[in-house]
Amino acid sequence: MSDSSLNTVADDSSDPRSTAGLAAGRSTTAAALDAADPLAHVRERFLLPDGVIYLDGNSLGALPAGVPEALRDAVHRQWGTDLIRSWNANDWWGAPARIGDRIGALIGAAPGRVVCGDSTSIQIFNAIAGALRLRPGRGVVLADPDSFPTDLYLADSIAGLLGAEVRRVPVGEAAEVLRADGDSIAVIAYNHVDYRSGELRDLPGLTAAAHAAGALALWDLCHSAGAFPIDLDAHDVDLAVGCGYKYLSGGPGAPAFVYVAERHIAAFEPALTGWHGHANPFGMEAGYTPAPGIERARIGTPPLLSMLALEAALDAYDGVSMAEVRAKGLALTDLFIACVGDLGLETLTPIEHARRGSQVAVRHPEAHAVMAALIDRGVIGDVRPPDVLRFGFNPLYIGHADVVEAARVLGDILETGAYKEARYAVRSTVT
Ligand SMILES: Cc1ncc(COP(=O)(O)O)c(C=O)c1O
């Protein structure tokens, strides 16, 4: 670089309206926010590779520092040495309820209302069946046509089995449909945060609208559990499900969870009645009697290694205030929205805090190629059809400087056209 170009850069950055000036201003803001960040120390609880800015924790959370040792212990001592005695000696039997309670503390559920296990897909199936049985005589499930697809597939399947009907109603129209047609609706089953746009739905308002119509509210918390406070008990939510591998950082394929409001537990009848949900599992009875408490939502033998990894991952939340997690998540996403605005890109994510989760969706016609180029430069996000670049911000391990740097790399890729290189046109199986 010549002396004169150095001068040009210096001159540019002193003009706040220039690209370099905007970037310099954003960097100064980020440094101040990082210096005042009460959660900055929590980043040390995660093992992140050097040279990577990880903005995909809304899809697979980063590795918490305590997990490798917890897994080593689970494999060598618990499985290898204690063998089957571990069910009692290491309380493997109690893991689903024990871990459920720890997740419950993060989502506003008192102990005894959450159980951990199986996949979100299975929990959705069971929860919709349970909801339909809690509202006999009402045969309609309201679901968002833009929901994460597995929710719709499972709703259609269980509705078919139980002779119910799934009505696909966009979330923005749900309150009106509940007012007009509420008598037939058993349950509304919506995603708390839209997986594509990052829009946060009005959980308290829609839950109240469902109740006013005599229906139940089932929320899929996949993109909110661990990302901000939810207050399920306080908002009278009936049922909720969520996954363990996104913001909770429980690892690939980590078990999911289900929440059942205390008032429904005694009557909650899941579709999948496995022996771990039985009142007397070691009585080996021929007929099914559900356990009296939330344990009735258990199914079969849980994947213990994954369970114990998730349990260790939850240590990352020790002493962490979910209100601070929310405040930081909004600051991170505010900053990223401003940075991509500087680049002239369109965001799908709502600007209003009350309608935003902890991710930002940016549109670009060459989203796949742009993301491939970003990942090549160590900025990891993902892509959803048709043209959405998704960036997730887990406040436990992302800092404000990461946000500005990620946006700088994005700007560079777009400005230089680097994403047009032929190698970025090759699409991977998983996007
Ligand atoms: C809203 C939502 N529900 C469910 C799932 C996935 O369910 P499962 O863990 O069973 O694959 C996802 C995955 O991204 C999701 O975003």
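Helices (H or I, at least four residues) and strands (E, at least two) in these legends are DSSP runs, numbered from the N terminus. The model is predicted, so local features need pLDDT of at least 70 and side-chain atom pairs count only at pLDDT 80 or more, while totals for chains, interfaces and linings use all residues. Residues are numbered from 1 along each chain as its sequence is written, and side-chain values use heavy atoms, with hydrogens and water left out.

View 1. The ligand sits in the largest pocket. A pocket here comes from a 1 Å grid over the protein atoms alone: it is an open set of points with protein on both sides within 12 Å along at least five of seven lines. "Sits in" means that more than half of the molecule's atoms lie within 2 Å of the grid points. Two elements, α6 (120-134) and α7 (149-162), each give two or more residues to the shell around the ligand. That shell has 13 residues, and the closest are Ser121, Asp220, His223, Tyr245 and Lys246; to be counted, a residue needs a heavy atom within 4 Å of the molecule. By type, the shell divides into four nonpolar, six polar and three charged residues.

View 2. Which side chains put an N or O atom 2.6 Å, 2.7 Å and 2.8 Å from the ligand? The side chain of Ser121 has an N or O atom 2.6 Å from a ligand oxygen. His223 brings a side-chain N or O atom to 2.8 Å from a ligand oxygen. The protein covers 84% of the 400 Å² of accessible area that the ligand has on its own, going by the Shrake-Rupley method with a 1.4 Å probe. A polar contact is a pair of N or O atoms within 3.5 Å; within protein, one must be able to donate a hydrogen and the other to accept it, and residues adjacent in sequence count only if both atoms are side-chain atoms.

View 3. His192 lies in the loop between β7 (185-191) and α9 (203-212). At 4% relative accessibility it counts as buried, where buried means under 20% relative accessible area, exposed over 50%, and partly exposed in between (1.4 Å probe, protein chains only). The side chain of His192 makes a polar contact with the side chain of Ser224, at 2.8 Å. Arg390, in strand β15, is buried too, with a relative accessibility of 1%. Its side chain reaches the backbone oxygen of Tyr195 at 2.8 Å.

**View 4. A cis bond between two prolines.** Where along the backbone is the peptide bond cis in this view? From Pro385 to Pro386, with omega near 0°. Pro386 belongs to the loop between β14 (382-384) and β15 (388-392).

**View 5. Positive phi without glycine.** Leu83 isn't a glycine, yet its phi is positive, about 50°. You'll find Leu83 in the loop between α3 (67-81) and α4 (86-89), partly exposed at 47% relative accessible area. Asp231 is also not a glycine and has a positive phi of about 60°. Its loop runs between β8 (216-220) and β9 (239-242), and at 36% relative accessibility Asp231 counts as partly exposed.

**View 6. Sequence gaps and C-alpha distances.** Buried or partly exposed: what is Leu410? Leu410, part of helix α14 (residues 400-416), is buried, with a relative accessibility of 1%. Its C-alpha atom is separated by 9.9 Å from that of Cys339, 71 residues apart along the chain. Arg263 is in helix α10 (residues 262-265) and is partly exposed at 48%. Arg263 and Leu134 are 129 residues apart in sequence, but 11 Å apart in space, C-alpha to C-alpha. Ala32, in helix α2 (residues 19-35), is partly exposed with a relative accessible area of 49%. Between the C-alpha atoms of Ala32 and His368, 336 residues apart along the chain, the separation is 33 Å.

Technical notes:
1 Å grid on protein atoms, 1.4 Å probe; cavity = no way out; pocket = protein on both sides within 12 Å on 5 of 7 lines; lining within 4 Å. Nonpolar A, V, L, I, M, F, W, Y, C, P; charged D, E, K, R; others polar.
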